[in-house]
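Dear colleague,

I am handing over the structure that we spoke about, and my notes on it follow below. Please read them with the model open beside you.

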Amino acid sequence: MSEHPELFTFGDPEPVLSPRGLLDYLECARLSKWYEPPLSLDGLARAANASVFHASAMFVKRNILSHAFIPSKYLSRADFNRFCWEFLVFGNAYLEKKENRLGGLLSLVPPLAKYVRRALDLDEYFFVPMFRVEHKFKKGTIFHLIEPDLHQEVYGLPQYLAALNSAFLNEAATLFRRRYFKNGSHAGCIFYMTDAAHNQEDIDDFRTALKESKGPGNFRNVFMYAPNGKKDGLQVIPVSEVAAKDDFLNIKNTTRDDQLAAHRVPPQLMGIVPTNTGGFGDVEKAAAVFLANEILPLEARFTEVNEWLGEEVVRFGPHALLPEGDGEKSGKKSED
C-alpha cells in the first residue's frame with residue numbers, strides 16, 4: 001500500500017433537472033394493438049403504500065367523496081369507491097357501460113384500471129390482465145376519466161408524482177430503522193480495551209457476551225469485572241447513534257410535509273400531532289377550505305361521466321361544513 005496521500009473527487013455538480021428531463025422524451029410504447037402507459041401502473045399501485053402519509057392523504061379524499069356520493073341504480077357506492085380510488089392513484093379511471101338487449105343502459109362497472117389499455121384507435125380499449133390474455137371492449141362503452149399529462153394525450157398521470165421521491169425516502173428511513181433495531185446493533189459503539197490486567201480468556205468471554213446481546217437478546221446488560229484495572233482501561237466510543245436519530249426525525253418530518261403539500265391535505269385531517277405550542281389552528285376552518293378547494297373540484301371531475309352518458313348518474317350531497325348551495329356551484333344538482 002502506498003504511503004503517499006491519495007486525493008480523489010466526487011465529480012462535478014449535477015443539475016437536479018438534467019436526468020429528470022429524460023422522462024420528457026418517453027412516449028407511450030406502441031404495441032400491435034394498444035399503447036402502454038408512460039409509467040408503470042404496477043409501480044404506482046405499489047407506491048401507494050410506500051408511505052403512511054401518501055396513502056392516508058388519498059384515503060381521506062376517497063372517504064369524503066364516498067360519503068357525499070349519492071348511489072343510483074346505475075352506479076353503486078362500492079363501484080364508485082373503486083372508480084374514485086383508481087383515479088387518485090393512477091390518474092386514470094374507467095367505467096364500462098353495461099347494456100341491455102335493446103342497447104339501453106343497464107349499469108356502470110369500473111374495470112381494473114391497472115390492466116386497461118387504450119387501443120391505437122383511441123376510442124377503443126382493451127383489458128389485458130396477463131400475458132397473451134386480452135379482452136376488447138365494445139366501442140363506445142368505456143368512459144375514461146383522465147388527469148391530463150403535458151407530454152401525451154393517451155393516458156393520464158397522477159398529480160403527486162413530484163412527491164414520490166419523498167415517499168420513497170420516508171419508506172427507506174423507516175425500513176432502515178426497523179433493520180437497525182432488528183439486528184440488535186443498537187449500541188453503534190466501539191469497545192476500546194487497553195487495560196493490561198486482562199488476559200486473553202477474559203477478552204474472549206467479553207466478546208462472547210457482546211455477540212449474545214444481539215438479535216433476540218438485545219438490550220441485555222453486560223457485566224465486566226476487571227481487577228486491578230486502570231481508569232479508562234475500557235472505553236465505549238459512540239459512532240453515530242445520536243446523528244442517525246436526529247437525521248431520522250428530520251427525514252420523516254420533511255418528507256411528510258412534502259407529501260401533504262403534494263396532496264394539499266391539511267395536517268389536522270391526517271391525525272398528525274402538532275409539535276409547536278400553537279397547534280395547527282381551527283380544524284373546522286381547515287376542513288372547510290379543504291372541501292371547497294380540493295373536494296368540490298374533484299366532484300366536478302367525476303360528474304364528467306354525466307356529460308358522456310347524457311344522463312345524471314353521478315351526484316353528490318351537500319357537505320356539513322360548507323354553506324348551503326356551494327354544492328350546486330360546482331356543477332352538482334340537488335335531489336329534486
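**What was found**

In α5, the residues Leu164, Ser166, Ala167, Asn170, Ala173, Arg177 and Tyr180 are buried, where buried means under 20% relative accessible area, exposed over 50% and partly exposed in between (1.4 Å probe, protein chains only). Please bear in mind that this is a predicted model, in which local features need pLDDT of at least 70 and side-chain atom pairs count only at pLDDT 80 or more, while totals for chains, interfaces and linings use all residues. Residues are numbered from 1 along each chain as its sequence is written, and side-chain values use heavy atoms, with hydrogens and water left out.

**Helices**

Helices (H or I, at least four residues) and strands (E, at least two) are DSSP runs, numbered from the N terminus. Helix α5 covers residues 164–182, and its 19 residues reach 27 Å from the first C-alpha to the last, close to the 27 Å expected at 1.5 Å a residue; the expected span is 1.5 Å times one less than the number of residues. Helix α3 (residues 52–68) has 17 residues and reaches 24 Å between its first and last C-alpha, close to the expected 24 Å.

One of the residues of α3 is His54, which counts as buried because its relative accessible area is 3%. The side chain of His54 makes a polar contact with the side chain of His263 at 2.9 Å, a polar contact being a pair of N or O atoms within 3.5 Å, where within protein one must be able to donate a hydrogen and the other to accept it, and residues adjacent in sequence count only if both atoms are side-chain atoms. Leaving aside neighbours within four places in sequence, His54 is in contact (heavy atoms within 4.5 Å) with residues including Leu164, Ala167 and His263.

Helix α8 (residues 283–302) has 20 residues and reaches 26 Å, close to the 28 Å expected. α8 bends by about 40° at Leu291, the bend being the angle between axes fitted to the seven residues ending there and the seven starting there.

**Core**

The largest nonpolar core has 54 residues, of which Leu65, Phe80, Phe83, Phe302, Val314 and Phe316 touch the most other members; such a core is a set of buried Ala, Val, Leu, Ile, Met, Phe, Trp, Tyr and Cys residues joined through side-chain atoms within 4.5 Å. Among the elements that each supply at least two residues of this core are α3, α4 (77–90), β3 (92–99) and α8. Leaving aside neighbours within four places in sequence, the contacts of Phe83 include Tyr94, Leu95, Phe143 and Phe302.

**Sheet**

An open sheet of 4 strands has the order β1-β5-β6-β7, with antiparallel pairing, and two strands pair if DSSP finds at least two bridges between them. β1 (34–35) and β7 stand at the edges with a single partner strand each, so one side of each is left without a neighbour in the sheet. Strands β5 (residues 116–119) and β6 (residues 125–130) are joined by 3 bridges and form a hairpin with 5 residues between them, with Val116 opposite Phe127. A further 3 bridges join β6 to β7 (residues 133–136), where Met130 stands opposite Val133. The hairpin of β6 and β7 has 2 residues between the strands, and Arg132 in the turn has a positive phi of about 65°.

With best wishes
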